[in-house]
Amino acid sequence: MKNGYSDGQWTADVKGYSIRSGYDWLRVQQPKQDWVPLVWNKWNIPKHTIIAWIIMNNGLNVKEKLRKIGYCTDDCCLICGSDVETQEHLFFDCRYSQKVIHQMENWCGFPLQTNRSMGMLSSKGNLKQKVQFLMITACYYQVWMQRNSARMKQVLLMPEKVAEYIIEEVKSRIRRKLTKPVSSTEKKWLAKWGVLGVC
Ligand SMILES: [Zn+2]
C-alpha cells in the first residue's frame with residue numbers, strides 16, 4: 001500500500017486529512033481481491049465497511065489470536081462457547097451468526113452467501129446486489145458488536161432481536177441511498193422490504 005503522506009503532507013486532499021478523505025483514499029488503495037465489491041460497496045454503512053475490511057484482512061482480535069499472545073487463557077467462542085473463537089467461526093460457522101443470517105434471508109427473500117468464497121459475488125452493482133452486500137456487512141458488524149458486548153458487559157441479545165435491528169438499519173440506509181428511479185423489478189423488491197414509499 002502506498003503512503004498517504006508525502007513530506008508530512010496528506011496527498012489525497014489539498015485541504016489536509018479528514019475522515020472522509022482518509023476513507024476514500026483507503027478505498028481506492030486496495031489491491032483487487034474477490035471481496036472488494038462486498039467491502040467497498042457504496043451502499044454499505046461506513047462503520048460496517050471498516051469492520052468488513054478488517055475481517056477480510058484477518059485483523060480482528062479474536063480469542064484464538066489473544067490466547068496465542070498470552071492475553072487470555074482460553075480461546076472459546078464468547079457467543080456460543082462451543083468452539084474456538086476464530087474469525088471464520090464467528091462469522092461463518094457460529095450458530096448464533098447463522099441464526100442472524102437466517103432471519104435476514106427470510107426477510108430479504110434471497111440467500112446472503114456469507115461464505116468465504118466472495119468470488120461468487122459479482123460486482124454488477126444492481127440494487128439487489130448492493131442491498132445484499134449492505135446486509136452482509138451489517139451482519140458482520142452486529143455480530144462483532146454482540147461478541148464485544150458478551151465480552152465486556154456479559155450481555156448478548158437474541159439473534160432475532162439483532163436481525164430486527166439490522167433490518168431497520170438496512171431499510172433506513174436503502175431509503176437514504178435511493179436517489180435514482182428504479183425498475184419495476186426493483187420496485188417489487190423494495191415493496192417486499194417495506195421501503196417502496198420513497199421512490
Ligand atoms: Zn460461536
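Reader: What is the volume of the largest pocket, and what makes a set of points a pocket and not a cavity?

Author: The model is predicted, and its largest pocket has a volume of about 260 Å³. A pocket is an open set with protein on both sides within 12 Å along at least five of seven lines, whereas a cavity is a set from which a 1.4 Å probe cannot get out. The space of about 260 Å³ is a pocket, so its set of points is open.

Reader: Which residues lie nearest the centre of the largest pocket, and which elements give two or more residues to its lining?

Author: Of the 12 residues in the lining, Arg20, Tyr23, Asp24, Pro46 and Arg173 lie nearest the centre. Two or more residues each come from α1 (19-29) and α8. The largest share belongs to α1, with five residues.

Reader: How do the residues of that lining divide by class?

Author: There are six charged, four nonpolar and two polar residues in the lining of the largest pocket. Arg20, Asp24 and Arg173 are among the residues nearest the centre, and they count as charged because Arg and Asp belong to that class. Tyr23 and Pro46 also lie there; Tyr and Pro count as nonpolar.

Reader: How many cavities of 30 Å³ or more does a search of the whole structure find, and what is the volume of the largest cavity?

Author: The search finds one cavity at that cut-off. The volume of the largest cavity is about 40 Å³, and the cut-off is 30 Å³ or more.

Reader: Which residues line the largest cavity, and what is the class make-up of its lining?

Author: The lining consists of Phe91, Ser97, Ile101, Cys139, Tyr140 and Val143. Two or more of its residues come from each of α6 (95-108) and α7, and α7 gives the most, with three residues. By class the lining has five nonpolar residues, one polar and no charged.

Reader: Which residues of α7 and α8 meet?

Author: From α7 the contact takes Val131, Leu134, Met135, Ala138, Cys139, Gln142 and Gln146; from α8 it takes Val162, Tyr165, Ile166, Glu169, Val170, Arg173 and Ile174. By class, this contact has 10 nonpolar, two polar and two charged residues.

Reader: What term describes how α6 and α8 lie to each other, and why?

Author: The angle between α6 and α8 is about 45 degrees, and their axes are 9 Å apart. They are therefore oblique to each other, since roughly parallel is kept for angles under 35 degrees and roughly perpendicular starts at 65. The crossing of α6 and α8 is right-handed. In α6, Tyr96, Lys99, Val100, Gln103, Met104 and Trp107 meet residues of α8, including Pro159, Glu160, Ala163 and Lys171.

Reader: What makes the term for α3 and α7 apply?

Author: α3 and α7 pack at about 80 degrees, with axes 8 Å apart. The value makes α3 roughly perpendicular to α7, because the range for that term is 65 to 115 degrees. Residues of α3 in the contact include His48, Ile51 and Ile55, and those of α7 include Thr137, Tyr141 and Trp144. By class the contact has eight nonpolar, three polar and one charged residues.

Reader: What is the phi of asparagine 58, and what is the phi of glutamine 154?

Author: Most residues other than glycine have a negative phi. Asparagine 58 has a positive phi of about 55 degrees, and it lies in the loop between α3 (46-56) and α4 (63-68). Glutamine 154 has a positive phi near 55 degrees, and its place is the loop between α7 and α8.

Key:
Residues are numbered from 1 along each chain as its sequence is written. This is a predicted model: local features need pLDDT of at least 70, side-chain atom pairs count only at pLDDT 80 or more; totals for chains, interfaces and linings use all residues. Side-chain values use heavy atoms; hydrogens and water are left out. Contact means heavy atoms within 4.5 Å. Helices (H or I, at least four residues) and strands (E, at least two) are DSSP runs, numbered from the N terminus. On a 1 Å grid over the protein atoms alone, a cavity is a set of points where a 1.4 Å probe fits but cannot get out, and a pocket is an open set with protein on both sides within 12 Å along at least five of seven lines; lining residues have an atom within 4 Å of a point. Grid points are joined across faces, edges and corners, and a volume is the space filled by probe spheres set on the points. Axes are lines fitted to C-alpha atoms, for helices over the stretch in contact, and angles run from 0 to 180 degrees between N-to-C directions. Angles under 35 degrees count as roughly parallel, over 145 as roughly antiparallel, 65 to 115 as roughly perpendicular and the rest as oblique. A crossing is left-handed if the near helix is turned anticlockwise from the far one by less than a right angle, and right-handed if clockwise.
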